[in-house]
Amino acid sequence: MTADAPRWPRVALTRAEVFIATVAVFGVILLPLSEVVLRRLFSTGIDGEATFAAHFTLLVGLVGAAIAARDGKLLALATGTLIPEGRWRTLAAVSAALVGALVSAILLVGGVGLVRNQVENGGVIAYGIPYWWFYLAFPIVFGLIAARLIWRAWPAWKGRLLMAAVVAAGAWFATRPDMFLDASTWPWLLLLVGAAALGMPIFALLGGAALIIYFSNGDNPIQAVIGALDQLKSSDLPAIPLFTIAGFLLAEGRSAERLLRFFRAFFGWMPGGTAVVTAVFCAFFTLFTGGSGVTILALGGLLLPALLADGYRERFSLGMLTAAGSLGLLFPPSLPLILYGIVAEVPIADLFIGGFLPGVLMLGALMGMGVREGIVSGRPRQRFAFGEAAASIWVAKWELLLPVVILGSLLLGATTVQSSALAALFAFIVQRFIHRSVTSLADLLVVMTKSIALVGGILIILSVARGFTDALIFADLPQQLAAWTTENVKSPWVFLLGLNVVLIVAGAIMDIFSAVIIVVPLIVPIAMHFGIDPVHLGVIFIANSELGYLTPPVGENLFVASYRFNKPILELARAMLPMYFILLIGVLLITYWPWLTTGVLAFFR
Amino acid sequence: MFRKASVRWVVVLALAASAAVSAQAPQVIRMGSVVPEASPWIAALKSMGQAWAAATAKRVAFRSMPPNPSETSVIQRMGTDGLEAGALSVVGLAEIDPAFNALAIPFFFESDAEFAHVLEKLTPMLTQRLAAKHYQLVLWGHGGWVQVFSKQPIRTMADLQKAKLFTSEGSPDTVRWYTSNGFHPVPLAIGEIPKQLKLPTGAIDATPAVAPLALAMQFYKDAKYMLDVRVAPLVAGVVMTESAWAKVSPEDRTSMLGAAKETQQKLFSQAPTLDASHIKEMQASGLQVIKLDGPAAAQFRAAAEKLGTTQRGSIIPADAYDAVLRERDAYRKTRK
């Protein structure tokens, strides 16, 4: 029996998903902007504006993940594709989907638990709208993802029903977490890693690992969903969908061509000009957005075509963009550096001064690679012509205005979310009314659907990663590590080496803000014990985290770039390897040559 | 027959084993909060946990969990058996029951002694309200006094009403209350405060904050005036879930509450000292404390008193408001 089910339910579901997500996206764009206007001009505002914006982001992320699951675009390791076509490949796909669906079904159980708790105890955001209306998205979306993984894995109904029965039985166990209390987690973790290697989505790997750790402590699956919820409603998160949509809208038209002409006119005379500009542009953008992945989302769609059209190898271009997306965090007003200062109780001005040379070193390393690529590839250079430079500015004026809009609004007092909302609205106005690339509602919905699926794929991983981090913390692993280090490590050099590894891993598995809050209080006392300057420690922390963003298999830049450029993670990791190596040298220099940080600082002190 | 007997034995052995395990395994109390681990409050609570273990012969084990992103998250985890206890500020406690807002009425209390007296009188009522929501109050905490830091000197209520005043996002009731009383509140995330105060065109030019926050975030360098009329004490409370509390024997509960009381006294006695030292440190780096003379302070308090009444029935349940007002005024009468 084949799987030709009637089409109308699927069409209706698809339309409902796109409708909900599109309404939510407009909510995320318009709420912060309306608040700014109302607050500044009329001393009034929208009740619960930020909370609504955060919960609309939650909807965008979750519904987007359901759409990505429908289209088979949930991010997975590419190792499954190494298995030869045929029976073994099918078996691998079915096994991976089965484990992935099981994790989703258990998260569904957790979502139901959260909703039940909130119906009873939860409050109201404003205008009588309770929180749990939004939280309903958790069980519905995890249920849809489980169903879609099964649906795509097996073409026949009999097989699908068999898989669904296995998943339902497994999910039943999730309602009895006591059964797993104090049980060994290793067999289950190995099962997850095996399934991930066979092609299970990465969100299921992280979400499943979180569930296993919670279960082994006798906790229920609701805790993993609360972790995901905390991440999805964090205050700066709406910037991710908003910058993504801005980037997608600009990419719809011929913005890349216009920007390329501008880059060529101004930097075509120097070797590797466009690549150098890419590094500087990305660093500049990241220091204002604070989030590494955001840079790739917002600029990747513009800069990759520009680099390719300018004759750079695809592999180099992908590597450059993936790596450059994490630069900039050492320059003021980097949010992670500010947060480090607060948590470690270090003067923030000292961190900005101390971070300057290391920041220049990391940026210079990538710029150097750009220059080298320009020389090695022998890409022809062109002479600078004033007329062409002026003309290119005029042609690309709207695209060039985007960073001005972002930076300008930030400097005028907008928050990151307000600034990203303005960027999205600006991009929409430019494409709809000036360039006329988006001429109808249908065009707009196509762009929205593409960007929402992309955002959903990213946010679902970020959210379950938070659940995973929380689970590690609840299991007391970071504290145990800190206690072990104090007990066993006697040399500062060994400590710093261990710190490099720990911070790169931390940067790879969690977002930098969580890493600062969780890891900094643990390492500061140990670093003091070894006589490491707290400003130097802060700079080491951020520099290592920048590298962590690029570290396979779950470094945020890798999977964000994988989505943005539609390339397997392993291919991106290979492309980025030379840049990774150069940045690693930079990180080691920053770590073991404290003068880079403290030298300039001593001058100012 | 043999099979039935063996099953019975297995069940008996399993029950005996589980009884033995439960007799030995301590009752673990995991406490969540948003407070950084390095803070003096967490240190005090950890030492209380050690006292609990000692007083109960290790039948109770206390674990302070690393900081949660929000108090809402702490409450959600307590409500779903992910945490057994939470250290919550008055904001979090008011999420459980809005009567706790009665402890945070702006410019309502004049001194530590007045506040401590009213808190003691209100504790039975608040404990009862918590119990109705399935929580047990373990101890009160004091995080110092909230003060107003501003870019321009504030001397009157009218000055304060003119200021673009930071307020935490996610509290629409508070924003509405501010607006209806002629203030200009700007709801933002706490992390935005330093940047917004630094920028000449920032969204805010004044913020209420406790001294340790102003010092840690360094925003007193931009908002370099501090009004010497204190807004409200930053009250906190450690609460336990009813189910976790029920698992502790009555004798152990008494011991735990005794140790908690000692910690509470320590927190209340150290709060004024910490406030004073933080303010002194900020003054050394340029903070200017705006002191009001007698009539000006009285005028400010009188204007504030009228404001406080507008919270009755909206932000604070009417009975809780009446109770806090009654107890405070009774205390003031005894001091005259």
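This is a predicted model: local features need pLDDT of at least 70, side-chain atom pairs count only at pLDDT 80 or more; totals for chains, interfaces and linings use all residues.

Residues are numbered from 1 along each chain as its sequence is written, chains are lettered from A and ligands numbered from 1 in the order in which they are written, and side-chain values use heavy atoms, with hydrogens and water left out.

Chain B has 13 helices and ten strands; helices (H or I, at least four residues) and strands (E, at least two) are DSSP runs, numbered from the N terminus. Along the principal axes, the C-alpha atoms of chain B fill a box of roughly 90 × 45 × 35 Å. Of its 336 residues, 49% count as buried, where buried means under 20% relative accessible area, exposed over 50% and partly exposed in between, with a 1.4 Å probe and protein chains only. Contact means heavy atoms within 4.5 Å. Among contacts in chain B between residues at least 6 apart in sequence, 75% join residues at least 24 apart.

The size of an interface is often given as the accessible area lost when the parts come together. Chain A and chain B bury about 3,200 Å² between them, with 51% of it on carbon and sulfur atoms; buried area is the accessible area (1.4 Å probe) that two parts lose on being put together, summed over both. To this contact chain A brings 42 residues and chain B brings 38 residues. Two salt bridges are counted between the chains, a salt bridge being a side-chain nitrogen of Lys or Arg within 4 Å of a carboxyl oxygen of Asp or Glu. In one of them, Arg176(B) pairs with Asp47(A), the closest N and O atoms being 2.8 Å apart. On the side of chain A that touches chain B, the elements that give two or more residues include α1 (7-42), α2 (49-70) and α9 (222-232). The most comes from α9(A), with six residues.

Asp219(A) and Arg30(B) also meet in a salt bridge (2.8 Å, N to O). This pair crosses between chains, from the loop between α8 (202-216) and α9 of chain A, where Asp219(A) lies, to Arg30(B) in strand β1 (residues 27-32) of chain B. Both Asp219(A) and Arg30(B) are buried.

Over all chains, a search of the whole structure finds 25 salt bridges. Within chain B, Arg59(B) and Asp252(B) meet in a salt bridge (2.8 Å, N to O). The pair links distant parts of the chain, 193 residues apart: Arg59(B) is in the loop between α2 (40-55) and β2 (60-64), and Asp252(B) is in helix α11 (residues 250-284). Arg59(B) counts as partly exposed because its relative accessibility is 44%, whereas Asp252(B) is buried, at 5%. In chain A, a network of salt bridges links Glu17(A), Arg70(A), Asp71(A) and Arg148(A).

Helix α26 (residues 569-592) gives the most to the patch, with three residues.
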